[in-house]
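Please look over the sequence and the structure below. The paragraphs after them go through part of the fold, one element at a time.

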Amino acid sequence: MSRLDSFIRRLEAQRACLERAVAMVEGLDGPILELGLGNGRTYDHLRQLCPAREIFVFDRQVAAHPDCIPDADHLLLGDIRETLPQAVARFGRTIALVHSDMGTGDAVGNARVAKYIAGLLPKLVLPGGVVISDQPQPLDAEALDLPEGLSPGRYFIYRMT
Ligand SMILES: C[S@@+](CC[C@H](N)C(=O)[O-])C[C@H]1O[C@@H](n2cnc3c(N)ncnc32)[C@H](O)[C@@H]1O
């Protein structure tokens, strides 16, 4: 598979998982956390899927398309190891959905960040809430199959217990 094919499949998996996750939490009140603003693609998709929900977005910097930058109250800037503990204090266990898309080219660093995030998510995500991630998360949660047609390991979906 070419790198272009792989990139396209990753984005297709991401979109399908975002849409699956939003459908899964339809009956669950609570905000969404988007970990990794990047250029704002998935944030933009989430806000179109969920116009009535608050979405809080995390990144260490803003490098997004100007149309895809949240307002200051919904943008938590800084290293996730500082901002996620602040989110625990601010939100407590009220979050319906987390999308974690923090991956960089550094596989070891990605696993370390995923482990850190997984340690805090049980303090944030409601029972029955959903976590989707570009990285496997060592979460004490139910790991779910991906939507039909997606290869296992392309993305990860968990339901919190
Ligand atoms: C793959 S990009 C996100 C792409 C985005 N979801 C989109 O669709 O455009 C990963 C983002 O995570 C951010 N990031 C990586 N490690 C981080 C950390 N430790 N703290 C805060 N942000 C981090 C990077 O700055 C980058 O913008």
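Which residue caps the N-terminal end of helix 3? Asp 79 does, with a side-chain oxygen 2.8 Å from the backbone nitrogen of Arg 81. This is a predicted model, in which local features need pLDDT of at least 70 and side-chain atom pairs count only at pLDDT 80 or more, while totals for chains, interfaces and linings use all residues. Residues are numbered from 1 along each chain as its sequence is written, and side-chain values use heavy atoms, with hydrogens and water left out. Helices (H or I, at least four residues) and strands (E, at least two) are DSSP runs, numbered from the N terminus.

Helix 3 has 12 residues and reaches 15 Å from its first C-alpha to its last, close to the 16 Å expected at 1.5 Å a residue; the expected span is 1.5 Å times one less than the number of residues. Its buried residues are Ile 80, Thr 83, Leu 84, Ala 87 and Phe 91, where buried means under 20% relative accessible area, exposed over 50% and partly exposed in between (1.4 Å probe, protein chains only). Seen down the axis of helix 3, these buried residues fall within an arc of 100°, so they line one face of the helix. The arc is that of the directions from the helix axis to the C-beta atoms. An α-helix has 3.6 residues a turn, so residues three or four places apart point the same way. On the other side of helix 3, Glu 82 and Ala 89 are exposed. The cover over the buried residues of helix 3 includes strand 1, strand 2 (55-59), strand 3 (75-77), strand 4 and helix 4. Just after helix 3, Gly 92 takes a positive phi of about 60°.

Next comes strand 4. Six of the six residues of strand 4 are buried, so this strand is largely enclosed by the rest of the structure. Strand 4 runs parallel to strand 1, and four bridges join them; two strands pair if DSSP finds at least two bridges between them. Strand 4 also pairs in the parallel sense with strand 5 (residues 125-133), over five bridges. In that pairing Leu 97 stands opposite Val 130 in strand 5. The chain crosses from strand 4 through helix 4 to strand 5, and this β-α-β crossover is right-handed: with the strands pointing away from the viewer, the path from the first strand over the helix to the second runs clockwise.

At 1% relative accessibility, His 99 counts as buried. Glu 34 stands opposite His 99. The side chains of His 99 and Tyr 155 are joined by a polar contact of 2.6 Å (a pair of N or O atoms within 3.5 Å; within protein, one must be able to donate a hydrogen and the other to accept it, and residues adjacent in sequence count only if both atoms are side-chain atoms).

Helix 4 (residues 107-120) has 14 residues. Asp 106 caps its N-terminal end, with a side-chain oxygen 3.2 Å from the backbone nitrogen of Val 108. Among the buried residues of helix 4 are Val 113, Ile 117 and Leu 120. Seen down the axis of helix 4, its buried residues fall within an arc of 165°, so they line one face of the helix. The face turned away from the buried side of helix 4 carries the exposed residues Val 108, Arg 112, Lys 115 and Gly 119.

Methods: Contact means heavy atoms within 4.5 Å.
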